[in-house]
Amino acid sequence: VWAEVAVIGIKLAFGLAVLLTTVPIMVWVERRGSALIQDRLGPNRVGPFGLLQPVVDVVKLIAKEHILPARADRWLFLLAPLFAVAIALSTFIAVPIGADSGLELFGHPIDGWIVAPDLNIGLLYIFAIASLGVYPLVLAGWSSANKYALYGGIRASAQAISYELAMTLAAVGVLMAAGSLHLQQVVVAQGGTWLAYLPHWNVVTQPIGALVFVVAVFAETNRVPFDLAEAEAELVAGYHTEYSSLSFAAFYMSEYIHMTVASALITLLYFGGWNLPWVDVPLTGWPGAILSLSVFAFKVAFFLWFFVWVRWTVPRFRFDQLMALGWKVMMPLAVVNFLWVGAALALGYL
Amino acid sequence: VVTWFFLAAAVVAVIFALVAVVARSAMTNVLALVVMFFAMAAVFALLGMDFLAAVQVIVYSGAILVLFLFVIMLLNIRRVDRLGSGRAAQALVGTLVAAGVGAMVLVLAGLLVPENGGVLRGATAAGTAMPIGRALLSTHLFAFEFITLLLVAAIVGAVYLGKRDLR
C-alpha cells in the first residue's frame, strides 16, 4: 500500500512541478512572442533574453497591496481566485502525459504517466472539472460590486455554456473512434497509419471535429479571440477588474494552466498523443518512457505556442458574433463530424 | 477508509442541501447547490458509479447551475428579505411532512444498508458508461427516444414563449 501511495505522490509532485513551471515559461514566451509578432523587442533586460522577467513580475505582484473593494462580497471575492487555481490544477490529474511503458517504482507499477489511478471515465472527469472552470470568473465578476466586472462574469457564463456543447460533441467523435473513455486507449487507437500513408491521428480522420474542438477550447480557456469576459477595450479588465496583487496573479496563473491542459487535450484527442507519425517504436522501459514523454511535451509546446500565435494575430470577436459562431456554426459542424464518424465506423473506413 | 469518505461526502451533501434552502442570498443558494452536487458526485463515485458521478458534475454543476448564476446576475438579485407567506400553520404542516419524508428515507436506508457497512463493496458496476449505454439503447430505447422528443418540444415551446412579443 505504501508503495502505491508513494508512487501516486511522486506522480502528483511531478505533474504539479511540470504545470507550475510551465506558467512562468509561458508568461515569458507570451511576452517575447508578442514582441516578435509585433516587431518589437519585448522584455530583454532581466537575465539573458529577459528570461528572469517572470520572476521579477512575481516579486512585483507579491509586493503590491491587496485591495478589497468596499462593497464587495468579501468571502466570494477572496475565494474566487483560489477556486480558479484549484480547478485549473485538478484537471491535470487525469491527463496521461506518456505511454504506459511497464515501469515499476518501489515494486509498484507506474501504470502510465497519469496521476490518478486509471479512471474508467478519464475524459469525462476532465470535462466535468473543466466545466467548473467558469465559476471563478462568474464569482469574481459578481462579487466585485463593479458593473464592468459583472458584465465580464455574465459574458463568461453565457460563453462557457455555448461552447461547452460544441466541444463535448466534437470529442464524442474521438471517443467513438477509440471505443473507450480511457485517454490511454484513445492514444493507442491513434497509432499506425490510415489509408496506407496518413498517420492514423484523429485530426486526419475527423478534421472537422478537430477544428471544432480546437476553436471551442480557445473559447473555454478565454483566450483571444474569445476573451470577451476580459475585453480590455470595453470592460476595463472584465471579471478581474477589481483584483490586485496575488489574487490577480492567481487568475493569471489559472489562465496559463488551463492553456496547458487544453494543449495536452488537443494533443491527446486529435494529434496522436505520444505517437510519432509513420514510425512505430515500441515504447517500453525507460527509453520508451522518456521518448513518449518528450514527444508529448513537444506537441504540447507547439500548441502552447499556437495559443500565443493566435492571440497576437486574430482580433477579438463582437459578442453577438461569438454567440452566432457558437450556436450556428460550431454546433452544426460538431454534428456533421458526429455523423461522419458514425457512418465511417459503420462502413469500416476508420 | 472508503466508508469514512462516503459518510463525509454524504454529510457534506446534506449540510449544503440545507444551506441551499435556508440561506437568504440567492448567490449563496446556488453555490451551496454546486457543493451539494459535487458531494453527490463523490457519493456516486464511491458507490462505483463513476459515469453517473461525472455526468452529475457536467450536467448540473457545469451547465444548469451556470445558467442559474447567469439569471441571478442578469436580474441582479442580491437578497431575499422575507421568506414564505408568513402563515404559521402552513409552515408547521410543511415541516411535519418534510420530517416524515426524511424519517421514511432514513428507515428505508437503514433497511437497505447491511450491518457490515457493505454499501461500497456490494455496489455493482451498473453505473459505469458501458452498462448505462447498453441499457439506454436496448431495454429503455423507447423511453430514451421519447425523452428526446419531449426535450425538443420543450425547446420549441421555450423559443415560442421567448419570441412571442417580438412578432
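**Cavity and helix contacts**

Author: The largest share of the lining of the largest cavity, seven residues, comes from α11(A). Helices here are DSSP runs (H or I, at least four residues), numbered from the N terminus. This is a predicted model, in which local features need pLDDT of at least 70 and side-chain atom pairs count only at pLDDT 80 or more, while totals for chains, interfaces and linings use all residues. Residues are numbered from 1 along each chain as its sequence is written, chains are lettered from A in the order in which they are written, and side-chain values use heavy atoms, without hydrogens and water.

Reader: How many cavities of 30 Å³ or more are there?

Author: Four. A cavity is a set of points on a 1 Å grid, over the protein atoms alone, where a 1.4 Å probe fits but cannot get out.

Reader: And how much space lies in the largest cavity?

Author: About 400 Å³, with volume taken as the space filled by probe spheres set on the grid points, which are joined across faces, edges and corners.

Reader: Which residues are closest to its centre?

Author: Of the 27 residues that line the largest cavity, the closest to its centre are A:Ala130, A:Gly133, A:Glu220, A:Thr221 and A:His258. Lining residues have an atom within 4 Å of a point.

Reader: How does that lining split by class?

Author: The lining of the largest cavity has 17 nonpolar, seven polar and three charged residues. Ala, Val, Leu, Ile, Met, Phe, Trp, Tyr, Cys and Pro count as nonpolar, Asp, Glu, Lys and Arg as charged, and the others, Gly among them, as polar.

Reader: Switching to chain B. At what angle do α1(B) and α2(B) pack?

Author: Helix α1 (residues 2-22) and helix α2 (residues 26-46) of chain B pack at about 155 degrees, with their axes 8 Å apart. Axes are lines fitted to C-alpha atoms over the stretch in contact, and angles run from 0 to 180 degrees between N-to-C directions. α1(B) and α2(B) are therefore roughly antiparallel to each other, the word for angles over 145 degrees.

Reader: What classes of residue make that contact?

Author: The contact of α1(B) with α2(B) has 20 nonpolar, two polar and no charged residues.

Reader: Back to chain A. Where do α3(A) and α5(A) meet?

Author: A:Leu76, A:Phe77, A:Ala80, A:Phe83, A:Ala84 and A:Ile87 in α3(A) meet A:Pro136, A:Leu139, A:Ala140, A:Trp142 and A:Ser143 in α5(A), contact meaning heavy atoms within 4.5 Å. Their classes are ten nonpolar, one polar and no charged. The axes of α3(A) and α5(A) come within 8 Å and cross at roughly 165 degrees.

Conventions. On a 1 Å grid over the protein atoms alone, a cavity is a set of points where a 1.4 Å probe fits but cannot get out, and a pocket is an open set with protein on both sides within 12 Å along at least five of seven lines; lining residues have an atom within 4 Å of a point. Helices (H or I, at least four residues) and strands (E, at least two) are DSSP runs, numbered from the N terminus. Angles under 35 degrees count as roughly parallel, over 145 as roughly antiparallel, 65 to 115 as roughly perpendicular and the rest as oblique.
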